[in-house]
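Morning, everyone. One structure today, and I'll keep it brief. Have a look at it first.

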Amino acid sequence: HVITPQGSAGSTSVVTNLLADLRRAILDRRTIRFRYYARHSTDTYSILSEREADPYSLIHVAGAWYLIAFCHQRQALRRFRLDRIERFTMTERRFARPSEVPLPAERRDDDRQVVVRVLFTSEAARWVQESRNFYFVAQEEVEAGLLVTLRVRREEEILPWLMGWGRQARVLEPRSLRVRLLNEVQAILAQYQAQ
């Protein structure tokens, strides 16, 4: 059984259809195959991979549906966001479900080892405070604006958010993130100059 989504991957009808098929796969204990988009690979925002998994359960967290499944590729229990799944296929293979299935381990705050310090202009300070990023650990009002400290696992996690602030944000550290941001801006500039 194959589902080929019509419309955007995150559309409600696609997720609803996928939910019904995943429930059937869970009840029948059938291995599934699908394409999955993961975010924040090293040099790109997303990466597509083929996966096979034994589906165990479905959960709804913060407005999104997730599949808890044993991923054959990773040989571990994983959480897959449904709106990142496409080309879902239910195989003929059956699997034995463990008697107890723990949820995949949550990523812990202590694995965020990269400290990022950003100076926001005074004009942006109020809006930054209003839309606090998940990675915030501290903020301090200084003469030049608002100094924000964040902790991330990888620099690319914070890059889109920082770029959204444009010239209202200046990365102070780490230097490697400043270089990455500069390279991204130069790539955007080159894209528009080529037109």
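One cut-off before we start: a residue is buried when its relative accessible area is under 20%. Glu157 has 8% relative accessibility, so Glu157 counts as buried. Hold on to that residue.

Now the overview. This is a predicted model. Mean pLDDT is 82, and 83% of the residues reach 70 or more. Be careful with two stretches. Residues 1–10 stay under 50. Residues 41–45 also stay under 50.

The fold has four helices and 10 strands. The order is β-α-β-β-β-β-β-β-α-β-β-α-β-α. Of the 195 residues, 38% are buried. Take contacts with a separation of 6 or more: 56% of them join residues 24 or more positions apart.

On to charges. How many salt bridges does a search of the whole structure find? The search finds 13. One of them pairs Glu52 with Arg93, with the closest N and O atoms 2.4 Å apart. Glu52 sits in strand 3 and Arg93 in strand 6, 41 residues apart. Arg93 is partly exposed, at 41%.

Next, Asp83 with Arg81, at 2.7 Å. Asp83 is partly exposed at 22%, and Arg81 is partly exposed at 25%.

Back to Glu157. Its salt bridge goes to Arg154, with the closest N and O atoms 4.0 Å apart. Arg154 is partly exposed, at 27%. Both belong to a network of salt bridges that also includes Arg153, Glu155, Glu156 and Arg180.

That's it from me.

Notes:
Residues are numbered from 1 along each chain as its sequence is written. This is a predicted model: local features need pLDDT of at least 70, side-chain atom pairs count only at pLDDT 80 or more; totals for chains, interfaces and linings use all residues. Side-chain values use heavy atoms; hydrogens and water are left out. pLDDT is the predictor's confidence in each residue, from 0 to 100. Contact means heavy atoms within 4.5 Å. Helices (H or I, at least four residues) and strands (E, at least two) are DSSP runs, numbered from the N terminus. Buried means under 20% relative accessible area, exposed over 50%, partly exposed in between (1.4 Å probe, protein chains only). A salt bridge is a side-chain nitrogen of Lys or Arg within 4 Å of a carboxyl oxygen of Asp or Glu.
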